[in-house]
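I'd like to walk you through a few spots in one structure, so please have it up on your screens.

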Amino acid sequence: MLITDICVALGLAEREVRCLGVVWGKSRARAGGVTNLLIAHMLDTAAVAELIWDGYLAPHTRRQIDTVAPDGDGRRFFAWLCGIHDCGKATPSFQRVDGTEAALLAEAGLCWDTGMVNRSTSRAWRHDKAGGALLRSVLKSAGWGREQIAWVWPLVAGHHGTVAAQQPSDRTYAQGHAQGKSPEWKTVQRQLVEVFTRALGYDALCAVQPAAVPARAVQLGLLGYVVMADWIASDETHFTGLDRLEAISFDGARARSRAAWAALRLEGGLRGLEGAGDVFTSRFGHGPRPSQNLVVDAVRRMDAPGLTIVEGPMGEGKTKTLLAVTEVIAERFGFSGLFLGMPTQATADPMLEQVCRWADAVSPGAGSDAVLLHGKRAFNPVWKAMMDAERRASYESVQEDGDVDCCEREHHAPADWFLGAKRGLLGHLVVGTIDQLLHAATRTRHVMLRHAGLAGKVVGLDEVHAADVYMSQFLKESLRWLGQARIPVVLLSATLPPAQRQVLTDAYLSGARNEPHFTAPLPDAAGYPAVTCAWQDPAAVAPVVTVDACAPWRRDMPVRVCSLPEAEDPDQPVVDTLRAQLAAGGCALVIRNTVKRAQRTFRRLQAEFGDDTVILHGQLTVRERAERSEDIIARLGPGDDQPRPARMIVVATQVAEQSFDVDADVLITDITPIDLLLQRIGRMWRHDGTLRPAAITEPVVYVTAWHPQPDNGVPRFERGAEYIYGTWLLLRTAALVSSASAGGGWSIPGDVPWLVAEVYNGDPLVPAAWRAAEQQACEAWRREQEQRAVNAERYLLARPADRDAVTLAGLHYAAADAQDEQRLRAVVRDGEDSVEVVLVVHTAGSYRTLEGTSLGAAGELSGGHVDELAGDILRLPVALTGNHAPESLGLVPLPGWSSHPWLRQARALVLDAALVGRAGPYRVSCDRDIGLTYER
């Protein structure tokens, strides 16, 4: 039915129809050269929403909307919510901004006092804000209940990325010039909403009133979908303007939307799941290990989506377990995607290919929907190959056919639309850093898009023990929102303290129950590996929590633990130990807590063992770190692709703690808290069948960076270890190391749970002579933890006092200073904002890359320069940059980079021919062997 026919059916006078036919939504400049009437854009958005419902939303999400929609018709209600978003444009504050259109409004009788409606009032009364107030007034007149109005208006007021802390009263709205004070304006506003509502098939506006109030987290996801539908319908490529009311209809909007949807190809994900019996054999080509069977069986017993915590030894196969249970959860509860969050970019990169292979096995072709989501994805070889294959496919289709049917042709990469700013989590299968989830717990602009992206997914997080107390505040906040939205979460860890397991479970269940301070005491696991499942069935009063355990896949391995006291020369004991241990050959891993310490140790070992020594840390260029990691894993990792070296020594920092699949014969490590120490031990004697020198008969770990003080025996720790980890946890870990060193050692992995519990439970542990020092350190540690939690609180999405709020009103009670990804990373990681630089060499009046490729006098780009420069990226240590602006340190883009979308924002660190440069007061050197060094 045409809009003009609806106007006739409603009995609108000719003057009223004329007014409706001049209220515009998109100007000529933003609608392909033809003004787009407001009713046309609203119908386009509603039609796009129908396609989002049909081809994008997960069944679980659709069911949630069905339960609150009038008459259970979630699809139509969803379309109405999305389409109504721009009703606030029917106000003088918006209509005044285009002079040509304003003249047409005046001819139709829609005028305003230009002295009262100006640029200042328009900024104060932006159309999203105006729409919230307008809708409150219209819905109240239509007979909607207060509770239903209260949760719906923020979906309109917040569609530009923030939900205001306060909404003006209806009285303010009725009297304001900028909002439309005259009867003519109030009439056209009411009729716009009524006509739009009739076009969607509702008999009257009162029939749209929801049947219930959804959970606040569901509302936030809905707001994200409103933004998504608006952004798609605002693309002038697919939605050119319509300026004649008699040419507008919902059927026409549906036709336009179908064409746009086909071109954008946003459908995908895990569809048509049938629930494979043995998900391991069918997806990975082998049967499950006992722990993998344990987790799958536990998840199959869950009655509703919930939280699953998987704890198991390093190398137990937890990632495959996560993928397997994702399929089980998706099939049982109606989810269609996955977000896999890893601790770092380096650990996220190898997961992309694994997720692609798994997704293709589950739903043929689904692997091409995978999105890698972090700042360096353009340099991941798998991602780069996906992008290149997609470009080639597009080119070949055009060459052969002269046209491209984007809906039918095979694609090799996720839709371009998902690659735009703030849209990454909306992709169907997403692999990224844990930061991407933590950002969803921050009170930042367009945070609702992150929640919409998570709504239909299983959320999996690996290495959750790596989150410190500051990051944990954002993780707990995320779990509260995910629990309230009934989004399933799977957490993986090798070494999770019992108190942390309890806190994470409580956070999820408090969201699911909408009880901010809820707690459900967890039973102890009867063994290790273990799985904890927690869920809240909506029909039940109490939550269900289960804890199951089984025997590990590998037999327990006795590990001898030796104290290696820190000497005045801290490297000499390391040299002496390795000289003795590797006399007949063998492979050793030495892990230091700081880069400077690793560099110094490497130099000493290199002097002793020559080319058998290699160093790996975070102050290498992207290319050098990737190449060294690949080489080390190839030589010391699983498989027989390359013969194991007769002798090799790897000196590394914390980069060796996570997802670093090497098998060392001997481990020397600086002391760390016990959970991280156990992670490091997991890098030795890791693979069955490894041939080791006859002289190395047992796994031995040497723990250094500390020594007992001669007067009382209380340990004194190396300064870097104490700065990073604090004294209290190191003291308690040192007590366990001392005890194990005196006799017995540890049995790995069987001893892992009780070792972690001993350090973190706070019970008496250290010798009597240490207790005063431990008590003092404990108090300092607790004060620091409390302060860091308070520091995080100002960025959290919801204040503690607002966690039982019912609607989104006031969600953005204050803006967080974290609008860009770089700043967000610092926010959720409690760090000063470190600076990334591109290393370039300047000699003889021109620039070149580290590899020697000439860039010209201004750094001009051509051909493969960008890829080469991308390999020369390096993140400067915070100690070097501090709180200084990069410009004040001389770190700015080269003039020749101004036209490149990525490099124009990059910072160049310029070096001379000797690879020496300046960054503010520091002299910086780039050594090919040891990486970046600096000094004042």
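Let's start with helix α23, which is mostly covered: 12 of its 16 residues are buried. Buried here means under 20% relative accessible area, exposed means over 50%, and partly exposed is in between, using a 1.4 Å probe and protein chains only. Before I go on, this is a predicted model, where local features need pLDDT of at least 70 and side-chain atom pairs count only at pLDDT 80 or more, while totals for chains, interfaces and linings use all residues. Residues are numbered from 1 along each chain as its sequence is written, and side-chain values use heavy atoms, with hydrogens and water left out. The helix and strand names come from DSSP runs (H or I, at least four residues, for helices; E, at least two, for strands), numbered from the N terminus.

Back to α23. Among its buried residues are Q500, R501, L504, D506 and Y508. What sits over them? The cover includes β3, α22, β8, β9 and β10. How does the length of α23 work out? At 1.5 Å a residue, its 16 residues, 498-513, should span 22 Å, and the end C-alpha atoms are 22 Å apart, so that agrees. The expected span is 1.5 Å times one less than the number of residues.

Next, two loop residues. A441 lies in the loop between α20 and α21, and its relative accessible area is 0%, so A441 is buried. If we skip neighbours within four places in sequence, A441 is in contact (heavy atoms within 4.5 Å) with F474, E477, S478, Y795, L796 and L797.

R377 is in the loop between β5 and α19. A salt bridge needs a side-chain nitrogen of Lys or Arg within 4 Å of a carboxyl oxygen of Asp or Glu. What the side chain of R377 does reach is the backbone oxygen of L419, at 3.5 Å.

D571 is buried at 2%, while R600 counts as partly exposed at 39% relative accessibility.

Another salt bridge links R579 and E608, at 3.0 Å from N to O. R579 is in α24 and E608 is in α25, 29 residues apart.

My last pair is D927 and R603, whose closest N and O atoms are 2.9 Å apart. D927 sits in strand β26 and R603 in helix α25, 324 residues apart. Strand β26 runs antiparallel to β27, and five bridges join them; strands count as paired if DSSP finds at least two bridges between them. A hairpin of three residues connects β26 to β27, and D927 stands opposite G931.

How values were computed: A polar contact is a pair of N or O atoms within 3.5 Å; within protein, one must be able to donate a hydrogen and the other to accept it, and residues adjacent in sequence count only if both atoms are side-chain atoms.
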